[in-house]
Amino acid sequence: MNIKSLAQLRSLLFEMEKTVGLVDLSQNERDVLYAINEVSQGTPRAARSDAIRNHPLAAAIPQATYHRALKSLMQRGLVAHAPETRAGHYVVTDKDGS
């Protein structure tokens, strides 16, 4: 794959992020949100904190930055604590357009 193909793919991703209202998020916030979506399981689709943290999109984010991003996503209403679970379980809300 060449750089032009990657640029086209990135442009497509940016347009999709604009469509669902994610362009106001920082890159770290988007990466944490995507990681939560990918590791979510069960009903409701909940993600364990350690699974999110170990996902390739979130693993390189410094610990403090990761927690700030997660807190910001919760404050924006994009992520919430999973109902009827122990601490450290999160769900993506319907607000993100998924």
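Modeller: In this predicted model, three strands make up an open sheet with antiparallel pairing, and their order is β1-β3-β2. The edges are formed by β1 (47-48) and β2 (79-81), each of which pairs on one side only. In general terms, the strands of a sheet are held to one another through backbone hydrogen bonds, in a parallel or an antiparallel manner. Between β1 and β3, the antiparallel pairing extends over two bridges. Ala47 has Tyr90 in β3 as its bridge partner.

Ile52 belongs in turn to the largest nonpolar core, which has 19 residues; together with Val32, Ile36 and Val79, Ile52 touches the most other members. At least two residues of this core come from each of α2 (27-39), α5 (63-75) and β3 (89-92). The largest share, five residues, is supplied by α2.

A further nonpolar group lies on the surface, where Ile3, Leu6, Leu9, Leu12 and Met16 form a patch with about 530 Å² of accessible area together. One of its residues, Ile3, is located in helix α1 (residues 3-20). Ile3 counts as exposed because its relative accessibility is 69%, and the cut-off for that class is over 50%.

Definitions and conventions: Residues numbered from 1 in each chain as written. Predicted model: local features only at pLDDT ≥ 70, side-chain atom pairs only at ≥ 80, totals over all residues. Heavy atoms only, no water. Core = buried A, V, L, I, M, F, W, Y, C linked by side-chain atoms within 4.5 Å. Buried < 20%, exposed > 50% of the residue type's maximum accessible area, 1.4 Å probe, protein only. Helix = DSSP H or I, 4+ residues; strand = E, 2+ residues; numbered from the N terminus. Patch = residues over 30% accessible without salt bridge, like charges linked within 9 Å, V, L, I, M, F, W, Y side chains within 5 Å. Areas by Shrake-Rupley, 256 points an atom, 1.4 Å probe, with all protein chains shown as cover. Salt bridge = Lys/Arg side-chain N within 4 Å of Asp/Glu carboxyl O. Pairing = 2+ DSSP bridges.
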